[in-house]
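Look at the structure below, then follow the text through its pockets and its aromatic rings.

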Amino acid sequence: DPGRQHATNEDSWSATRVGDAHLLVLCDGMGGMGRGAAASKLATEHIRDFVLNNELPPRSRIESAIASADNRVRREMCSADSRPGCTAVVVYVESSSASVAWVGDSRAYWIRNGEVLERTNDHKVVQGMVDRGELTEEQARSSRYSNVLSRSLGGRLPSDPTVEVALLADAWRLQRGDRLLLCSDGVIDLVGDDEIPNLIRDLSPSDAAKQLVDLANRRGGHDNITAI
């Protein structure tokens with residue numbers, strides 16, 4: 001959903017069957033002038049195609065897919081005059097195992113029985129300051145740097161090093177009834193971690209996604225909104 005303050009949507013997403021597995025990808029574009037939308041679309045498609053056409057183990061496959069997408073976005077879209085980019089969060093679900101890799105501040109959540117068991121940690125300048133004890137969570141939310149990323153796909157020159165992809169040390173071991181949620185910061189900025197589990201607890205996947213999008217819009221919809 002584009003939200004209430006933007007005419008265009010720079011988020012891209014994909015949900016794909018890979019044999020008996022599932023690949024979930026979400027990218028949130030940045031760069032303005034439509035270039036963020038193009039970067040997120042290119043990254044989403046590249047990650048999906050890389051995973052579909054590669055036989056590496058799941059964790060290595062999604063990590064390599066994101067790194068490869070970063071190289072392609074920088075090579076094809078970035079120059080001294082324009083450096084569009086995007087976030088990326090990728091979850092590969094096979095049997096009862098969910099491998100997770102990401103760059104930026106789009107998140108993946110693992111939810112069970114009305115509780116967030118674990119989620120990804122944002123690559124933001126203010127998050128680093130919170131981790132180092134330089135800011136409180138409340139100060140980080142109100143900081144003028146609250147939306148500045150510390151890592152992204154693209155956003156740098158083709159000659160720059162490949163982005164460092166974050167990868168969970170251990171896959172999430174799923175049980176029947178668990179929920180996985182991927183969302184862009186259009187959700188995260190307006191719906192708290194403590195609210196999400198109960199908002200979606202008894203809903204179908206499509207209704208759960210709609211619930212989150214609708215609530216973010218009711219609270220201002222200041223950014224594009226995507227939930228898988």
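The second largest pocket has about 290 Å³ of volume. A pocket here is an open set of points on a 1 Å grid over the protein atoms alone, where a 1.4 Å probe fits, with protein on both sides within 12 Å along at least five of seven lines; lining residues have an atom within 4 Å of a point. The model is predicted: local features need pLDDT of at least 70 and side-chain atom pairs 80 or more, while totals for chains, interfaces and linings use all residues. Residues are numbered from 1 along each chain as its sequence is written, and side-chain values use heavy atoms, without hydrogens and water.

Lining this second pocket are 16 residues, with Asp28, Gly29, Met30, Asp185 and Asp223 nearest its centre. Strand E2 (residues 21–30) contributes the most, 3 residues; strands are DSSP runs of E, at least two residues long, and helices are runs of H or I, at least four.

The largest pocket holds about 530 Å³ of space. Its lining has 18 residues, and Arg107, Lys124, Arg141, Ile188 and Asp189 are the closest to the centre. Helix H3 (125–131) and helix H4 (137–142) each give two or more residues to this lining, and H4 has the largest share, 3 residues.

Which aromatic pair does a search of the whole structure find? There is 1: Trp110 and Trp172 are stacked, because their ring centres lie 5.6 Å apart and their planes meet at 25° (a pair needs centres within 6.5 Å; planes under 30 degrees apart count as stacked). Trp110 is in strand E6 (residues 107–112) and Trp172 in strand E10 (residues 172–173), 62 residues apart. Trp110 is buried at 11% relative accessibility, and Trp172 is buried at 1% (buried means under 20% relative accessible area, with a 1.4 Å probe and protein chains only).

Methods
Grid points are joined across faces, edges and corners, and a volume is the space filled by probe spheres set on the points. Rings of Phe, Tyr and Trp (its six-membered ring) pair if their centres lie within 6.5 Å; planes under 30 degrees apart count as stacked, over 60 as edge-to-face and the rest as tilted. Buried means under 20% relative accessible area, exposed over 50%, partly exposed in between (1.4 Å probe, protein chains only).
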